[in-house]
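Here are a few friendly notes from my read-through, for you to check against the model. Have a look at the structure first, then go through the points in order.

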Amino acid sequence: MRRLPVFFVLDCSESMVGEGLIKMEGGLQAVVRSLRANPHALETVYISVIAFAGLAKTIVPLVELFSFYPPKLPLGGGTSLGGALEALMGEIDASVQRATAERKGDWRPVVYLFTDGRPTDDPGPAIERWRARYADGATLIAVGIGRDVDFAVLKRLTDQVLLFDENEAGDFARLVDWVSASILAKSQPLGVALDARAEAVLDDQVLRLVKEPPPVRPDAACVTLVGRCQSTRRPYLIKYDRQHQEIATGELHVDVSLYRLAGCYPLEEAYFDWSDPRTGGLEVSTSELLGVPGCPHCGNATAFALCGCGRLMCVGGPGEATCPWCGRQANFTAGPSPEEGGFAVGRGLG
Ligand SMILES: [Zn+2]
Ligand SMILES: [Zn+2]
């Protein structure tokens, strides 16, 4: 039986924290569940999962559907698209059987690349290598989640670029159904009736083929900040989502971006392994950030206390505290309010 290798290349950058990652994990499980219900898919489909953030790595090597166990996805700072493609090409080299005179080899591998952002590395060389050596022998479908995606870079990679726009509850489930149907169609034997082998149909309310890449917005869709709990020393991630606001005073109309608190999420230490160490340079002023979260580990009132070392920690209120990053004692007073211009803090790569 010839195998159909299916690769999922999944963006696990900071912007996916919380709901995004949970959905991606659930989606992967749902795809596998529906494929397993089809006897032919069960025999032919093999699945591999590659995750990318600041680092890209295979987290599930190519394995038969039957023994696939949906992984817990990591989270990290950065979006190494170039790294992800390198990992993918390495995985294809290592596990896809090419046809020889004696054997037929695997079916053409299918790749589903999901991303919600813009590359933080230079994907150029990897894209060129993919185009030159792999593109003809594989099907690559790139799905951009939301409007903050660099579609132009995805178009350089493949003609099959899709925009997934989530407007209502149930849209993500429809995306998952489409992925399952698309794999099922490719896994059916040649003898099967044509309509069973037909390409899955896109519901263009949910998923659209991108012909002209829309321009990338200059301001990011979200801002993420990493802190550590003073009591437990464990890390957390604070996420703010972009919100446009028009300020009108008399003759003057100004469009400004403000970022509203989306949540504060506990992180694993592995976050730092999956993150790009280049964090300098990006700064955001607290005057653009609306809302202060509490600590998700110990419940301290604010997770937004800035130590002299430039890192964030949690504090219960004004007074002495030890910084879990640098170990120094710091004396906290109430910080400058946004009205006074805020204070600058280091910002993640997203
Ligand atoms: Zn805490
Ligand atoms: Zn410190």
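1. A word on the basis: this is a predicted model, in which local features need pLDDT of at least 70, side-chain atom pairs count only at pLDDT 80 or more, and totals for chains, interfaces and linings use all residues. Residues are numbered from 1 along each chain as its sequence is written, chains are lettered from A and ligands numbered from 1 in the order in which they are written, and side-chain values use heavy atoms, with hydrogens and water left out.

2. Cysteine 323 is buried at 1% relative accessibility, and cysteine 307 is buried at 5% (buried means under 20% relative accessible area, with a 1.4 Å probe and protein chains only).

3. Do look at the zinc ion (ligand 2): its protein donors are the SG atoms of Cys307, Cys309, Cys323 and Cys326, lying 2.3 Å from it (donors are N, O and S atoms within 2.8 Å of the metal, or 3.2 Å for Na, K and Ca). Along the sequence, the donor residues follow the spacing C-x1-C-x13-C-x2-C. Cysteine 307, in the loop between β13 (302–306) and β14 (312–315), and cysteine 323, in the loop between β15 (319–322) and β16 (329–332), are 16 residues apart (strands are DSSP runs of E, at least two residues; helices are runs of H or I, at least four).

4. The geometry at the zinc ion (ligand 2) is tetrahedral, with angles of 104 to 116° among the four donor atoms (four donors count as tetrahedral if all angles lie between 85 and 135 degrees).

5. Serine 275 sits in the loop between α8 (270–273) and β11 (283–285) and is buried, with a relative accessible area of 15%.

How values were computed. Four donors count as tetrahedral if all angles lie between 85 and 135 degrees; four count as square planar and six as octahedral if opposite donors are over 155 degrees apart and all others between 65 and 115; anything else is irregular. Buried means under 20% relative accessible area, exposed over 50%, partly exposed in between (1.4 Å probe, protein chains only).
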